[in-house]
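Hi everyone, thanks for making the time this morning. Have a look at the screen.

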Amino acid sequence: MLLDYDRMGWLKIALLGFTALVAGFLLLPVVFIVLLSFGSSRWLAFPPPGWTLKWYQELFADPAWLDAALTSARIATMTAMLAVAIGLLASFALVRGQFAGREILRGLLLTPMVLPVVVFAIAVYAFFLRLGLGGTTIGFVIAHTVLALPFAIIPIATALEGFDKSIEDAAIVCGASPLEAKLRITLPSIRIGIFSAAIFSFLASWDEVVVAIFMASPSLQTLPVKIWGSLRSDLSPVIAAASSLLVGLTLALMVVTALLQRKFRT
């Protein structure tokens, strides 16, 4: 092999050092936010003069923050369920379907990953205003599902491509119906992809802010929108505590996903 990692010598150390620097650069702002959420200053000042849990107490005591967090969780859960359902059907069509324009359809379904989010936000805002879906839970879920769909299709399609279809065919030969074979053989076999799709779709909605700003209303705001609005009027460390909550849940779900994927593979 042209590049053998174990034989790179000093380049191996240089590569590790460069990787550590890049990772540190990317993670440093997140670490600052978490530290600020425990600071005793009434403003977002670093380094903090002292340490306290006061801002987390204010966060969980404020109904507006709790309502925004619950709204984000509710919308993200519905988005994940809908994205996985659509992504599962789309993955079967893309992986096993034999029809003209299949690759074009794949590209269209993955377009939200490369389309500028602000362009999509403006378009969906104008369209949903005409339909009366602006500022509604249904509108939020539909918009976020479009954004989350690629994150559902990719892991499910990848798992489906790695599944040996002859096992499903053998079940049909043994008397199972095509639907029964898919439900009892195929779906359990690709459960890693389905679970990953659910987690990634949930996070795509949970962390989304641009579309949420356009879709929000005075009575319906997600946690990222609440954070954004508070930044424009206040610099209280409660904002850092709320941001830490976003980061913490995202990190926890990613760790759980990695652990369960490892367990499923063994």
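Predicted model: local features only at pLDDT ≥ 70, side-chain atom pairs only at ≥ 80, totals over all residues.

L94 is found in helix 3, which covers residues 63–96. Its relative accessibility is 1%, and because buried means under 20%, L94 counts as buried. And who surrounds it? Setting aside the neighbours within four places in sequence, L94 is in contact with R102, L105, R106, L109 and I153. There is also A157 to look at: L94 and A157 are 63 residues apart along the chain, yet 7.6 Å separates their C-alpha atoms.

Let's zoom out to the whole fold. How many helices and strands does the protein have? The count is twelve helices and zero strands, so if you read the elements from the N terminus on, you get α-α-α-α-α-α-α-α-α-α-α-α. The C-alpha trace spans about 70 × 65 × 30 Å along its principal axes. There are 266 residues in the protein, and buried ones make up 35% of them. If you take contacts between residues at least 6 apart in sequence, 70% of them join residues at least 24 apart.

Now the surface. The accessible surface comes to about 15,500 Å², and carbon and sulfur atoms account for 72% of that. As for charge, I find 18 positive and 14 negative side chains, with the centres of the two sets 1 Å apart.

What does the record say? In an unreviewed entry, UniProt places the feature "transmembrane region" at residues 12–38, 75–95, 107–128, 140–160, 192–215 and 235–260. Let me pick two of those spans. Residues 12–38 are 93% helix and 0% strand in the model, and their end C-alpha atoms lie 38 Å apart. Residues 192–215 are 88% helix and 0% strand, with 32 Å between the end C-alpha atoms. The unreviewed entry in UniProt also places "domain: ABC transmembrane type-1" at residues 69–257. In the model, that span is 79% helix and 0% strand, and its end C-alpha atoms lie 22 Å apart.

On to the aromatic rings. Searching the whole structure turns up four aromatic pairs. One of them is F38 with Y56, a tilted pair at 5.0 Å centre to centre and 35° between the planes. This pair links distant parts of the chain: F38 lies in the loop between helix 1 (10–36) and helix 2 (54–61), Y56 is in helix 2, and the two are 18 residues apart.

Why does Q57 count as exposed? Exposed means over 50% relative accessible area, and Q57 has a relative accessibility of 55%, so it counts as exposed. For a sense of distance, Q57 and F202 are 145 residues apart in sequence and 26 Å apart in space, C-alpha to C-alpha.

Conventions:
Residues numbered from 1 in each chain as written. Heavy atoms only, no water. Helix = DSSP H or I, 4+ residues; strand = E, 2+ residues; numbered from the N terminus. Buried < 20%, exposed > 50% of the residue type's maximum accessible area, 1.4 Å probe, protein only. Contact = heavy atoms within 4.5 Å. Areas by Shrake-Rupley, 256 points an atom, 1.4 Å probe, with all protein chains shown as cover. Lys, Arg positive; Asp, Glu negative; His and termini not counted. Charge placed at Lys NZ, Arg CZ, Asp CG, Glu CD. UniProt positions renumbered as here; feature names shortened; annotations may be inferred. Phe/Tyr/Trp six-rings, centres within 6.5 Å; stacked < 30°, edge-to-face > 60°.
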